[in-house]
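Dear colleague,

Please find below the structure that I am handing over to you. My findings follow after it.

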Amino acid sequence: MVQEYQSPVRVYKHPFELIMAAYVRRFPKCPLIPVFVDSEIVSESQSEDGSTLVTERRCMIDVDAPRLLKRIAGVDYLYFIQKNTLNRRKRMLHIEVRNETFSSRVTVCECCSYTVHPENEDWTCFEQTASLDIKSFFGFESTAEKIAMKQYASNIKKGKEIIEYYLRELEEDGITYIPRWSPPVVLPTARIQPPTSSAARSIPVHNAKDGLPSKDPAGPTELLGSSPDDKLDADYIRRYLGDLTPLQESCLIRLRQWLQETHKGKIPKDQHVLRFLSARDFNLDKARELLCQSLTWRKQHQVDFLLDSWECPQPLQSYYTGGWHHHDRDGRPLYILRLGQMDTKGLVRALGEEALLRQVLSINEEGLRQCEENTRVFGRPISCWTCLVDLEGLNMRHLWRPGVKALLRIIEVVEANYPETLGRLLILRAPRVFPVLWTLVSPFIDENTRKKFLVYAGNNYQGPGGLVDYIDREIIPDFLGGDCMCEVPEGGMVPKSLYRTAEELESEENRLWTDTIYKSANIFKGAPYEVLIEIAEASSVITWDFDVCKGDVIFNIYHSKRAPQPPRKDTLGGHGIASPGAVNVQLIDRNWVLGQDYSMVETAFMCREGESVQGSHVTRWPGFYILQWCFHNSPACSASSLPRMDDVLASLQVSSHKCKVMYYTEVLASHDFRGSMSSLESSHSGFSQLSAATTSSGQSQASSTISR
């Protein structure tokens, strides 16, 4: 297996020329890197004008490996070839490293670059990528891989320290400024005076009015902001994401880059991507699989718009005993839930399971927002919150079976889509019935999450090692013996007059998840999904917006002058067993002839999994138009180090003969349509807002936009 590494952008607040002077001092040997024994220049060449210098070195490395492994391999040192290309004109150094020893068994490739910062020409950026592929190593492939990655990670951490060490050494020698390279000028009648020592050793001083930042390494960096299209720099990671190991940084950068290249929806924030990596111990493949599933779930249920669209029902406002309350000692947002005072049975009977789930999702979305806010306020990364659960009053009523079922489903959804958001769970005043509840729910809680639970029985939370260790005394709620007034509702019994029948609850739950302009459709192999649209006036505009959630589909549009007649429900063998295609009503009769009974009004096009498609068709004739989605057999994808998002999602399919789309269609009168995609995208297109990039394909009477 190929191990890959991608570094963040490391910024030196020094000019490129000074960084190069510090860099060359690490050769031929560097005492700060004990494993770097020695090096020698094999070849060196320079362009005629002196702008480009190419240096090739042979480096000797003493790997920190068990002596037995060295004896088996038959070597004491490893040799690498390093090729440096210095372009003084462009102020760029490109470094390529490959292994010479065991080159037939092991392939090591490393590429580094020093470049000028794009926003400040007096700063220097450093980037690094590497790969390790161990084909065979005397039966010790796994051991050799672990040793190599450990050694490499250790050297990466020292990289910036080494440059800064030699920068201080240059300053001690009086070298604080090196002029930029300029093309040689030949003046036959005049001599060029060399610069004075004072000029060559001075540091340019910039006032605030110059608009250039200070060169104080300890000062705050101006590069902390980051957008989805930017590269991550080390200062940004440390300020907003925390102290990550080099390999953890690499996983984050590679997963983020993969999302930008393959995901055609809203890119999650770096903090959220990091949570999925942490939840899977920075296993890139497992984190990517979990994240893909969550992104699809968020898109299908429009969770990104939940905080703006969710209107909390009145029973929840009055009887849901939970709310945000300041923060804990670590700056994490604090959520308080008085579960013992909550009438869970009454809430489920009055609102249903889906309303409670939406309430919990809105709480989690608000928690993510508060974590971002606290990160800015406290000046350090805060990526999770603390939850305080008061069980005073918990009894057998809370173990009502439908209520426990709703709780288990909520836990399942939160675990899958909000990993590593719970920093600590404080359970206070746990009664005797609590072990029964814990036995029911604990199997559904991730092991890493269970380790964050702290349970206090009775009043044990009041002494040392209790609540005051995690929450400042002045914000302890009054109902727990503190002096702080807490705005969390006190709860109480939900009036039975608010209870609803099972039919009403089912209707309400269906409305909650289908109260959207989008509909869901399954496409089976041999059984396309078709939508009939009747057009009474020519020049009307049919618009569509659909998202391919599973599989690849072919999209067609047909026209017929006569109304299609849906066939009767088909059964297999006369035994009343519905055929797979029976779930989709076939509008186009099998006896119809294309070109006679119906016609194709737009060229069919294929839509791949994960794509969002928006388009419109200006009708030429009145009649009946049929939008059709057909199953498409996808060819095997080409091998690559990182699969595309649709490949990952395809591997998760339950059936290889089923596709799924979420779609929305609308018919606009000709005077309401301006003929541009901007008017189409304003037509309630939730999915189009999530598309990162779109390309247009137009015809004489139709236009489509596909996010690829």
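Predicted model: local features only at pLDDT ≥ 70, side-chain atom pairs only at ≥ 80, totals over all residues.

Residues are numbered from 1 along each chain, and side-chain values use heavy atoms, without hydrogens or water.

The largest pocket holds about 1,200 Å³ of space. A pocket here is an open set of points on a 1 Å grid where a 1.4 Å probe fits, with protein on both sides within 12 Å along at least five of seven lines; lining residues have an atom within 4 Å of a point. Of its 46 lining residues, Leu337, Val360, Leu407, Ile410 and Ile411 are the closest to the centre. The lining comprises 35 nonpolar, six polar and five charged residues, with Gly counted as polar.

Helix α13 gives the largest share of that lining, nine residues. Its 17 residues (401–417) should span 24 Å at 1.5 Å a residue, and the end C-alpha atoms, 25 Å apart, agree with this; the expected span is 1.5 Å times one less than the number of residues. Helices are DSSP runs of H or I, at least four residues long.

Thr321 lies in the loop between α10 and β9 and is buried, with a relative accessible area of 0%. Its side chain reaches the backbone oxygen of Arg338 at 2.7 Å.

Terms used
Helix = DSSP H or I, 4+ residues; strand = E, 2+ residues; numbered from the N terminus. Buried < 20%, exposed > 50% of the residue type's maximum accessible area, 1.4 Å probe, protein only. Polar contact = N/O pair within 3.5 Å; in protein donor to acceptor, adjacent residues only side chain to side chain. Points joined across faces, edges and corners; volume = space filled by probe spheres on them.
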